[in-house]
Amino acid sequence: MAATDIEPRPAIRRPGPSLHMTAVRGSVVGVLTAGVTLAVAHLFAALVAPASDPVLAVGGVAIDLAPQGVKAFAIRTFGANDKIALLVGVYALLALAAVLLGAAALRRRRYGLAGLAVFAAIGVAAVLSRPGATPLGVLPVLTGVGVGSAAMLLLARAGRMVTVTPPSRPRLLNRRQFLATTAGTALTAGATAAVGQAVGRGSAVGARSRAAVRIPPPVRPAPPLPGGVSVGVDGVSTFLTRNRDFYRVDTALTVPQVDLEAWRLTLDGAVDRPRTWKFEDLLARGLVERDITLNCVSNEVGGPYIGTARWTGVPLAPLLREAGLHTGQNQLVSRSVEGMTIGTPLAAILDGRDALLAVAMNGEPLPLEHGFPVRMLVPGLYGYVGACKWLTSMKVTTFDAFDPYWVQRGWAADAPVKTASRIDTPRPFAQRRAGPVIIAGVAWAQRRGIVAVEIQVDDGPWRQARLADGPSPDLWRQWTYRWDATSGSHTLRVRATDATGATQTDQRAAPFPDGATGWHSTTVTIT
Ligand SMILES: Nc1nc2c(c(=O)[nH]1)N[C@H]1C(S)=C(S)[C@@H](COP(=O)(O)O)O[C@H]1N2
Ligand SMILES: [Mo]
């Protein structure tokens with residue numbers, strides 16, 4: 001038995017290794033073991049398949065298993081940083097587990113090894129459960145755990161304690177050796193992780209593919225936007241949202257990297273003629289260009305998950321018709337390269353609206369975050385039922401036959417965009433001088449269009465806002481209202497009416513399961 005494991009039993013009572021010292025050694029051994037394990041796994045994942053990184057795989061499982069309330073909370077609280085927050089959480093849990101593992105390894109080597117085996121099992125299970133996983137994907141975890149075990153044994157050995165002259169406190173057997181071993185291990189782990197990062201960047205095949213893409217000019221360009229679509233008021237969102245400002249909502253922990261050479265889009269299911277396209281085949285069909293507003297069902301009243309872009313793409317309806325749709329079908333299931341499934345009502349695609357397979361956004365190939373090389377866009381539907389990114393297959397089927405990802409989690413299978421409006425300025429709790437104050441914002445009801453926006457100050461009457469130009473029902477519409485502000489604290493409310501004549505309901509509803517409702521309001525102070 002190792003010296004660390006024995007407490008000599010002299011009659012006199014003497015201090016054991018100080019709790020402090022044990023905790024420090026345990027933490028050092030555990031965290032370094034975890035560091036080596038994860039760094040090696042990361043490097044091998046970069047070499048084999050990025051999705052086989054165990055941390056990403058576990059994070060992915062967490063996203064898919066997270067109950068609806070937790071997901072909604074994460075999007076509400078962390079917004080576009082929800083994935084960073086998740087990874088921070090995963091690493092924090094790992095660090096805690098690592099400290100315990102290190103302490104266990106110092107007591108008995110086999111406790112440490114058993115702990116690592118548990119990690120290996122979790123990692124392997126997570127990796128294999130990811131969409132598109134291959135048996136090769138377990139290589140990074142297993143190699144990482146193998147090297148990690150060796151590191152742990154080395155560290156635990158170097159961290160042995162000895163009691164030199166009872167009743168003094170036990171000390172490190174060889175302080176210098178412990179320091180040298182930990183420093184060496186830390187350096188090795190760091191260097192391995194850095195190489196893994198570099199290899200990962202080098203294999204950023206999506207970025208390379210995207211850089212090489214040339215999108216031909218559209219055969220049917222978008223009609224020019226009238227200058228009057230923008231109210232030109234500070235604080236109101238730009239009418240077209242820049243790509244870098246466009247909201248991003250998806251379950252992908254790392255942005256999928258698509259190699260355009262290998263990428264194919266298939267159409268099958270209940271059709272006479274299943275088809276497969278390469279990217280060039282799609283471009284060769286001739287592109288159209290459309291300005292379309294896209295928004296997320298998770299958007300709270302007044303929330304930021306909406307944007308408008310000029311999209312270039314292939315009209316989707318003719319593609320489906322050419323394939324010969326069987327009768328009785330009502331759902332098109334899109335599948336993305338990382339395994340998302342999105343179900344779109346066939347009727348919506350075929351009713352004459354500009355449903356697209358988009359290849360470009362605001363004049364550039366689709367950004368990787370927004371679905372390079374191809375995403376679907378169906379005006380009038382929330383993104384989770386009409387806007388699959390990183391698209392790789394489409395299947396014609398029925399709603400009875402298949403529940404896509406979000407529907408399995410209780411969201412509505414069909415989700416037309418609800419009429420909504422937002423006050424962009426003044427911001428909440430803004431302070432303004434008494435006198436004229438411009439209230440302005442946006443309203444949207446894709447497919448129907450906005451015909452009126454009204455403003456209410458406190459409990460006063462509803463008054464018409466001035467609408468900016470609205471060239472298409474698939475676009476949001478800006479509005480302004482000139483308010484003669486009097487001093488005091490005031491609540492401003494907005495509501496919109498769509499072209500069917502329906503005015504937004506004041507009934508508050510949360511985004512789940514088919515989109516939020518209620519009037520956006522904001523409180524300002526006038527001095
Ligand atoms: N592959 C994939 N496509 C996806 C999603 C996803 O998680 N994975 N999220 C959908 C949702 S919920 C929305 S609102 C839109 C958001 O598109 P954006 O990130 O380009 O704004 O993408 C949709 N397409
Ligand atoms: Mo969404």
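Q: How much space lies in the second largest pocket?
A: About 590 Å³. This is a predicted model. A pocket is an open set of points, on a 1 Å grid over the protein atoms alone, where a 1.4 Å probe fits, with protein on both sides within 12 Å along at least five of seven lines. The volume is the space filled by probe spheres set on the points.

Q: Which residues lie nearest the centre of that pocket?
A: I75, V249, D250, C296 and S298. The lining has 35 residues, each with an atom within 4 Å of a point.

Q: Which helix gives the most to the lining?
A: Helix 3, with 5 residues. Helix 3 spans 68-78, and helix 12 (383-386) also supplies at least two lining residues. Helices are DSSP runs of H or I with at least four residues, strands are runs of E with at least two, and both are numbered from the N terminus.

Q: How does the lining divide into nonpolar, polar and charged?
A: There are 21 nonpolar, 6 polar and 8 charged residues. Ala, Val, Leu, Ile, Met, Phe, Trp, Tyr, Cys and Pro count as nonpolar, Asp, Glu, Lys and Arg as charged, and the others, Gly among them, as polar.

Q: New topic. At what angle do helix 2 and helix 4 pack?
A: About 115 degrees, with the axes 10 Å apart. Helix 2 covers residues 54-65 and helix 4 covers residues 82-107. Axes are lines fitted to C-alpha atoms over the stretch in contact, and angles run from 0 to 180 degrees between N-to-C directions.

Q: Which residues make the contact?
A: Helix 2 brings V55, L56, G59, A62 and I63, while helix 4 brings L86, L87, V90, Y91 and L94. Contact means heavy atoms within 4.5 Å. Of these residues, 9 are nonpolar, 1 is polar and none is charged.

Q: What about domains: where do they run?
A: Domain 1 is 19-203, domain 2 is 227-405 and domain 3 is 420-526. The bounds come from an automatic or database domain assignment. The centres of domain 1 and domain 3, taken over C-alpha atoms, are 50 Å apart.

Q: Which residues does a cis peptide bond join?
A: F372 and P373, with omega about 10 degrees. P373 sits in the loop between strand 10 (364-365) and strand 11 (375-377). Another cis bond joins T425 and P426, with omega about 0 degrees.

Q: What is phi of N362 near?
A: 50 degrees, a positive value in a residue other than glycine. N362 lies in the loop between strand 9 (356-361) and strand 10.

Q: How are residues numbered, and what is left out?
A: Residues are numbered from 1 along each chain as its sequence is written, and chains are lettered from A and ligands numbered from 1 in the order in which they are written. Local features need pLDDT of at least 70, side-chain atom pairs count only at pLDDT 80 or more, and totals for chains, interfaces and linings use all residues, while side-chain values use heavy atoms, with hydrogens and water left out.
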